[in-house]
Amino acid sequence: MGKVRLTTAQALIKFLNQQYIHIDGKEFPFVEGVFAIFGHGNVLGIGQALEQDPGHLKVFQGKNEQGMALAAMAYSKQMLRQKIYAVTTSVGPGSANLVTAAATALANNIPVLLLPADTFATRQPDPVLQQVEQEYSAAVTTNDALKPVSRYWDRITRPEQLMSSLLRAFEVMTDPGKSGPATICIAQDVEGEAYDYDEKFFEKRVHYVDRKAPVDRELQGAAQLIKNSKKPVILVGGGAKYSQAKNILVELSEKHNIPLVETQAGKATVGSDFRNNLGGMGITGTLAANKAARESDLIIGIGTRYTDFATSSKTAFDFEKSKFLNINVSRLQAYKLDAFQVVADAKLTLEQLVPLLEGYETQFGREIAELKEEWLTERKRLSEVTFTRENFEPEVKNNFTQDVFNEYADALNTELAQTTALLAVNDTVAPDSVIITSAGSLPGDVQRIWNPTVENTYNVEYGYSCMGYEVSGALGAKLATPNQEVYSLVGDGSFLLMHSEFITAIQYNQKVNIVLFDNSGWGCINNLQMENGSDSFYTEFRTHNNEILNIDYAKVAEGYGAKTYSVNTVDGLKAALEDAKQQEVSTLIDIKVLPKTMTDGYESWWNVGVAEVSHKDSIQKAFDARKQKLELAKQY
Ligand SMILES: Cc1ncc(C[n+]2csc(CCOP(=O)(O)OP(=O)(O)O)c2C)c(N)n1
Ligand SMILES: O=C1C[C@@H](O)[C@H](O)[C@@H](O)C1=O
Ligand SMILES: [Mg+2]
């Protein structure tokens with residue numbers, strides 16, 4: 001057999017160039033490129049290999065390891081997990097910075113290939129710079145911290161180990177049932193070590209992603225459950241989106257008059273304008289979706305993980321009455337809530353299920369339309385919130401006095417409500433625009449009131465709700481959809497936490513639009529704190545002498561080379577958005593908004609750990625209320 005002498009890193013890059021994916025009859029390269037931050041751990045290994053022959057791989061220089069890995073994740077999420085970027089980092093702090101991003105990808109079941117460098121395999125120069133030198137074992141390095149947050153993890157200390165390791169990594173990343181981050185740590189000396197690799201290892205390799213079909217028992221059982229139900233509701237999860245089940249979902253819903261409700265990951269599988277789509281459900285759900293779910297006697301969970309946000313901490317359903325039917329490629333997910341399990345591809349299952357339901361119709365009648373209408377009226381109200389200097393009634397009530405509101409209005413020079421601003425954005429951007437967000441109050445607002453009409457235009461990470469995904473992810477989403485505008489909807493807190501990849505986007509002329517909602521604080525956490533009986537405590541951004549912090553974010557972004565705007569009215573915001581569309585460079589719109597003007601309520605509940613004993617009656621009250629609510633919740 002022919003051999004080719006390559007360094008481990010050269011073999012890695014050569015292999016990445018030859019990986020293809022085959023889905024629904026289409027075949028294309030699986031690895032699009034590499035994000036890199038070079039240090040002594042990887043510049044002479046992977047850096048050298050990429051310089052010598054990158055093949056078709058695009059190379060982007062990242063600015064923060066976490067940021068570039070989140071960009072890679074957003075790319076893959078936007079590509080419906082059909083294509084990835086790899087991420088190479090140096091050893092020690094460079095690899096440690098991957099931990100948060102790996103966890104974000106894991107919680108969201110998104111494939112990314114992480115390639116952190118590791119300490120010396122020979123150990124000759126130990127302790128090397130950036131080696132933590134763990135006393136109880138030299139075999140433990142910073143990279144072990146990636147084990148709990150990787151779907152697959154391996155360490156390469158000999159060049160030939162690379163071959164079996166890569167095969168496992170690609171098998172995992174291309175399996176819809178277990179897809180997630182694969183981490184291969186390569187000892188920094190081994191990256192440059194040569195080996196005679198079998199040429200066969202580098203032949204084109206196709207990873208077939210065949211749709212897993214349901215067995216007859218599953219289909220008959222599922223059909224029977226639906227036919228026996230009066231008011232089934234379909235919960236559309238991320239699995240439905242990745243399976244591209246839109247058309248069959250619409251057919252199923254229309255034929256049998258079954259309402260759809262959505263998780264964060266499932267939103268924009270079917271457009272919000274579809275008449276039976278009642279929108280997001282759960283803690284950040286619409287009143288329409290939450291009412292339908294509560295009335296339902298059968299929840300058909302399609303590709304959902306049933307997180308606490310989707311189920312209102314397991315209080316959203318009437319567990320006495322309601323049964324569950326779970327369609328999921330993952331057995332772990334299918335087992336949840338004592339459901340009847342169909343472990344199979346969502347689209348294929350629904351296509352085979354529909355013919356078995358001939359003649360069936362739910363008892364919802366006109367109720368779906370009525371619920372939707374009621375919600376659209378509420379959404380309209382949220383688009384027209386006006387601030388008043390006296391007796392202002394915000395969405396989040398009973399936290400701030402009027403004096404505090406007036407103080408914010410003066411300090412930030414704004415009277416704009418967040419919901420009104422957000423809906424102005426929704427009205428103004430092109431329908432095929434991709435939005436991206438993740439943490440703070442904005443994910444809740446978009447799940448409720450952002451109405452996407454074009455498929456796969458809602459890139460919201462709410463499995464890990466990682467501050468920093470908003471801006472980092474915008475770069476990845478843009479790489480995936482170069483012909484669409486990408487809008488990062490981000491709070492001031494998240495923007496401050498990390499926006500390094502905004503600079504990468506500007507550097508590589510990948511236009512992204514940052515729409516920054518500045519309420520000078522961690523608004524949602526302040527709400528959570530005050531709604532559970534505490535005072536406002538270190539969650540507003542105030543100075544040493546208690547003044548509200550007012551940062552000119554437009555000026556910050558101007559320094560990076562972005563086109564920027566500062567706005568505090570709906571008209572100003574719309575004009576900025578229109579102008580931003582005309583720009584070739586990345587943009588940032590700094591919108592000053594009032595706190596407590598995000599959406600809230602709608603019959604949802606979140607189980608959070610309230611103090612059982614404290615010095616405040618208000619906290620005791622919150623604790624008692626939680627205890628009562630928990631009595632209604634399903635225990636597991
Ligand atoms: C990396 C990370 N750290 C901490 C948190 C906890 N956390 C969630 S939301 C939030 C504040 C977000 O503030 P901002 O972005 O301004 O949004 P707002 O709630 O004000 O809309 C914090 C600290 C998180 N989700 N992610
Ligand atoms: O703690 C949190 C509260 C949520 O409201 C928020 O969206 C999320 O980012 C979070 O971490
Ligand atoms: Mg904020």
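This is a predicted model: local features need pLDDT of at least 70, side-chain atom pairs count only at pLDDT 80 or more; totals for chains, interfaces and linings use all residues.
H3 takes in residues 65–78 and H19 residues 469–480, and their axes run 7 Å apart at an angle of about 45°. That angle makes H3 oblique to H19, since angles under 35 degrees would count as roughly parallel and those from 65 to 115 as roughly perpendicular.

As for who touches whom, H3 brings Gly67, Leu70, Ala71, Met73, Ala74, Tyr75, Lys77 and Gln78 to the contact, while H19 answers with Tyr469, Ser472, Gly473, Leu475, Gly476, Ala477, Leu479 and Ala480.

Next, the ligands. Ligand 1 has 14 residues around it, and the closest are Ser441, Ser465, Asp492, Gly493 and Gly523. A polar backbone atom of serine 465 sits 2.8 Å from a nitrogen atom of ligand 1, and a polar backbone atom of glycine 521 is 2.9 Å from an oxygen atom of the ligand. From asparagine 519 it is the side chain that takes part, with a polar atom 3.0 Å from an oxygen atom of ligand 1.

Around ligand 2 one finds Ala439, Gly440, Tyr462, Ser465, Cys524, Ile525 and Trp606. Serine 465 turns up here again: a polar atom of its side chain lies 2.5 Å from an oxygen atom of ligand 2, whereas for ligand 1 it was a polar backbone atom of serine 465 that made the approach. Tyrosine 462 also uses its side chain, placing an N or O atom 2.6 Å from an oxygen atom of ligand 2. Glycine 440 works through its backbone, where a polar atom is 2.6 Å from an oxygen atom of ligand 2.

Two spots in the backbone deserve a mention as well. Aspartate 24 is not a glycine, yet it has a positive phi of about 50°. This residue belongs to the loop that links strand E2 (19–23) with strand E3 (26–29). The other spot is the peptide bond between aspartate 126 and proline 127, which is cis, with omega at about -10°. Proline 127, too, is a loop residue, found between strand E7 (112–118) and strand E8 (152–156).

Definitions and conventions
Residues are numbered from 1 along each chain as its sequence is written. Chains are lettered from A and ligands numbered from 1 in the order in which they are written. Side-chain values use heavy atoms; hydrogens and water are left out. Axes are lines fitted to C-alpha atoms, for helices over the stretch in contact, and angles run from 0 to 180 degrees between N-to-C directions. Helices (H or I, at least four residues) and strands (E, at least two) are DSSP runs, numbered from the N terminus. Angles under 35 degrees count as roughly parallel, over 145 as roughly antiparallel, 65 to 115 as roughly perpendicular and the rest as oblique. Contact means heavy atoms within 4.5 Å. A residue is near a molecule or strand if one of its heavy atoms lies within 4 Å of it. A polar contact is a pair of N or O atoms within 3.5 Å; within protein, one must be able to donate a hydrogen and the other to accept it, and residues adjacent in sequence count only if both atoms are side-chain atoms.
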